[in-house]
Amino acid sequence: MTSPKSVDDRLKDAVGPKGFSQDPAEIAPHLEEWRGKYKGHTRLLLKPATTAEVSAALRICQETGTRLVTQGGNTGLVGGQIPLGGEVLLSTHRLNRIRHLDESGMTLAVEAGVTLAAVQQRAADHGLLFPLSLASEGSATLGGNIATNAGGTHVLRYGMTRALVLGLEVVLASGVVLEMMRALPKDNSGYDLKQLFIGSEGTLGVITAATLRLFPRPDAVVTALAAVPSPAAALKLLGALQAHTGGMLSAFELMPRLAMELITRHVEGTRDPLSAPSPWYVLIEASGGRDSNLAASLESGLADVVAGGLVSDAVVASSAAQAAGLWKLRENISEAQKREGASIKHDISVPVAAIPDFLAKATPAVLALLPGARPVSFGHLGDGNLHFNFNSPAAGDDPSFLAQWDEVQQVVHDMVKEFGGSISAEHGIGAMKVASLPRYKSHEELDAMRAIKHAFDPKNILNPGKTVPPVLRL
Ligand code: FAD
Ligand code: ZN
């Protein structure tokens, strides 16, 4: 009599010989995330290549109560993709086919493991635009973008990932495949189920494919860097330029002087394009059609605000290379912070108009806890979203500084709540914020989240312990 197969053997059979690994060297890079904050362990890495294989694997997981964490590009910043409890790890990197591009309908059907950069490129090859843009786009996958409802630098114009997804294919914990790849901008035929999975961080199902919305590619893209004395001036500049260009801004990113210094110190090929240092900068992008005269419009708008004293200096990129140079400054802030040493980070949002007051109140509150810390608050001012970050007083590793993360985070998040904001603007909850979420969301909202989780994953096998706080028993 043959003994029954182990769960792991059944899972391996479900995905075929190329679809798994137990080689520690192959698994290692999947166990640690970009910031080195979370380290996990697993006995089995699954690498399914088809939706049917994902479904077969989940059927076994559900039946046997085997817990599973889904991972895309492993660029998530809240530990959601790391198997912290020794779960089986499912990597989507072999679900990497571009299924169909509909040029006239401007839609693109892709599998979850395709990188964001590859999606952008495919759209560009057809003269179209997929506007989601993140500094991690070379590695981050569409599945990960959708699971985290990623934001990035073009939300101001095009919205979060949620606004860019028309259809989804999802494998539920039970192995059932929800085929919802409809390419319809308008579809009110009952609950919009795909929206539940967007931003669910791997807790409700495994996303295997999506139908994305594409846009006309703007022929005129104008990029500028403006020096401003304060966040309040930056906010006024936002209003002035939106009015001046008739709402054509596609990015409006704030950064402080220290960010400029760290980037030019640590990132090769970068330089400060302005002649005098400024306390704050804004990276501005406007985009429109060939005949929109956008460069002239942005330049005259900037000339007006320079003359009015709102902006002390500004440079408008005169070539694609110059524009890329300006974007390189913005996109390397996180990398430069990392190379400088330890930093404590927050991904918060408040109503756009409250950004200056929030910075004025929260920055000294953190400095009272972390004397000498160096604020590097930057981000998507046009969306009310700041990466409210602090580097340690001196360069290099500083474990005692990082040990204060939780204490500092609570002070910051309490203040965010006071301002009517969110403790996670774009990175999600994952492992990092799940314990503190009950402090900031009502019982009623949390109960509704738990009810949804229970309906889709009654055995709690998908990304357990992440994103959905357990009920506290007193
Ligand atoms: P992973 O890190 O692998 O996973 C993230 C979460 O999604 C996990 O909970 C995981 O379980 C789940 N998941 C992944 N794939 C699937 C799937 N197919 N089905 C179900 N669940 C899945 N984020 C922003 O929003 N805006 C930014 O501007 C931004 N900038 C960044 C810059 C840098 C330098 C880095 C390192 C990260 C940045 N991020 C940003 C965070 C990160 O890139 C995004 O969260 C991204 O969407 C994650 O994609 P991923 O494929 O790497 O997902
Ligand atoms: Zn961001």
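The model is predicted: local features need pLDDT of at least 70, side-chain atom pairs count only at pLDDT 80 or more, and totals for chains, interfaces and linings use all residues. Residues are numbered from 1 along each chain as its sequence is written. Strands (E, at least two residues) and helices (H or I, at least four) are DSSP runs, numbered from the N terminus.

- Strand β18 is joined to β19 (residues 385-391) by seven bridges, and the two run antiparallel; two strands pair if DSSP finds at least two bridges between them.
- Opposite His380 stands Asn385 in β19.
- Four residues lie between β18 and β19 in this hairpin, and Gly384 in the turn has a positive phi of about 70 degrees.

**The five-stranded sheet**
- An open sheet with antiparallel pairing has the strand order β5-β6-β10-β8-β9.
- Strands β5 (98-102) and β9 (177-180) are at the edges with a single partner strand each, so one side of each has no neighbour in the sheet.
- Five bridges pair β6 (residues 107-111) with β10 (residues 206-213) in the antiparallel sense, and the bridge partner of Thr107 is Arg213 in β10.

**Helices on the sheet**
- Helix α3 (residues 51-64) packs on the sheet and touches β5, β8 (165-171), β9 and β10, where contact means heavy atoms within 4.5 Å.
- Helix α4 (residues 116-125) also packs on the sheet, touching β5, β6 and β10.

Terms used: Chains are lettered from A and ligands numbered from 1 in the order in which they are written. Side-chain values use heavy atoms; hydrogens and water are left out. Axes are lines fitted to C-alpha atoms, for helices over the stretch in contact, and angles run from 0 to 180 degrees between N-to-C directions.
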